[in-house]
Amino acid sequence: MVLVANDQEWSSRSLESILGPNGYAVLRAYTGRQALELARSAQPDIVILDARMPDMDGVDICRQLREDAHFGAHTPIIITTSGPAGRAQRLSAYQAGAWEFCSQPLDGEVLLLKLETFMRSKREMDRLRDESLLDEVSGLYNVRGLTRRAREIGAAAFRRHDPLACVAFAPNTDGHRVSDALVDELASRLAEQLGSVLRRSGRTSDAVGRLGQAEFAIIAPATQASGAVRLVERIQEMIALAPLPAGVEAHPMTIRAGYCAVPDFAESSVDAVEMLLRAATALRHNRGDASTRIVAFDDVPVKFTH
């Protein structure tokens, strides 16, 4: 799918006549605002932007998309101009994250060859992203990465008869006025911010990752239940000192957490991945009340554990 953003009907139709017969579905936008909305919602494979949209500059649209965590970071963006382009204009487009800057009229054969090359690159990057163990926004482990690290850390704890703890936590937004329109943006900003805090402060032996939109987990070797509680308290202290993302009132941010811990992993009846799931279950049972900021899986009623 190619998003073509151009307010000139003839130019859009010209591009569509080249792309359509060669296997590309074309989605059209006639303003910069439409282009931004469609790029975020439709997630096209390629975006072709006119340099001068009626309400926005094409370079500004490109820059906004590159800064948007919900838009594909590896999606090719091509900026076109109806006249000759100077060096400064080209540099501005490339600095904004454009893959190519073309002057019209476009050579259809050349354009198709470039798109074929761009799509091969994008598919490979998408494949690597899908196989990656890291979360793109926070830079921490994703669920796949946490699962692998849980097995590795669990194997070491089993051999040594070490204690093991898994902690899951999330920002508690109670008391912070967050509009529905800001929920997605806030979650991404919190993930990025929390990721930065945890990377700076985490023990090198711990595996830290992102479970969901704004849910995080730590697999902590050689840590018992009391250590898991202290770990949550330390995270709380760090987050309270960190600047809040835009859209949240200036109250100290608190967290709610759940954990699962065993004193000797070699004698545990569950593996490390199951412990991670149990910590997440305890977190989701935790409503963030002042008296229950931290919930142990063993304290979760049985009806909530299945």
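Q: Which residue does lysine 114 form a salt bridge with?
A: In this predicted model, lysine 114 pairs with glutamate 100, and the closest N and O atoms are 3.0 Å apart.

Q: Where do the two sit in the chain?
A: Lysine 114 is in helix 5 (residues 108–131) and glutamate 100 is in strand 5 (residues 100–103), 14 residues apart.

Q: Is glutamate 100 buried or exposed?
A: Glutamate 100 counts as buried, at 15% relative accessibility. Lysine 114 is partly exposed, with a relative accessible area of 28%.

Q: How many salt bridges does the structure hold?
A: The structure holds 14. One of them joins arginine 40 and aspartate 68, with the closest N and O atoms 2.4 Å apart.

Q: Which parts does that pair tie together?
A: Arginine 40 lies in helix 2 and aspartate 68 in the loop between helix 3 and strand 4 (77–81), so the pair ties together parts 28 residues apart in sequence. Aspartate 68 is buried, at 15% relative accessible area, while arginine 40 is partly exposed, at 35%.

Q: New topic. At what angle do helix 2 and helix 3 cross?
A: Their axes cross at roughly 25 degrees and come within 10 Å. That makes helix 2 roughly parallel to helix 3, because angles under 35 degrees count as roughly parallel.

Q: Which residues make the contact?
A: Helix 2 contributes Gly32, Ala35, Leu36, Ala39 and Arg40, and helix 3 contributes Ile61, Gln64 and Leu65. By class, the contact has five nonpolar, two polar and one charged residues.

Q: Is the crossing left-handed or right-handed?
A: The crossing of helix 2 and helix 3 is right-handed.

Key. Residues numbered from 1 in each chain as written. Predicted model: local features only at pLDDT ≥ 70, side-chain atom pairs only at ≥ 80, totals over all residues. Heavy atoms only, no water. Axes fitted to C-alpha atoms, helices over the stretch in contact; angles between N-to-C directions. Helix = DSSP H or I, 4+ residues; strand = E, 2+ residues; numbered from the N terminus. Parallel < 35°, antiparallel > 145°, perpendicular 65-115°, else oblique. Left-handed = near helix turned anticlockwise from the far one by under 90°. Contact = heavy atoms within 4.5 Å. Nonpolar A, V, L, I, M, F, W, Y, C, P; charged D, E, K, R; others polar. Salt bridge = Lys/Arg side-chain N within 4 Å of Asp/Glu carboxyl O. Buried < 20%, exposed > 50% of the residue type's maximum accessible area, 1.4 Å probe, protein only.
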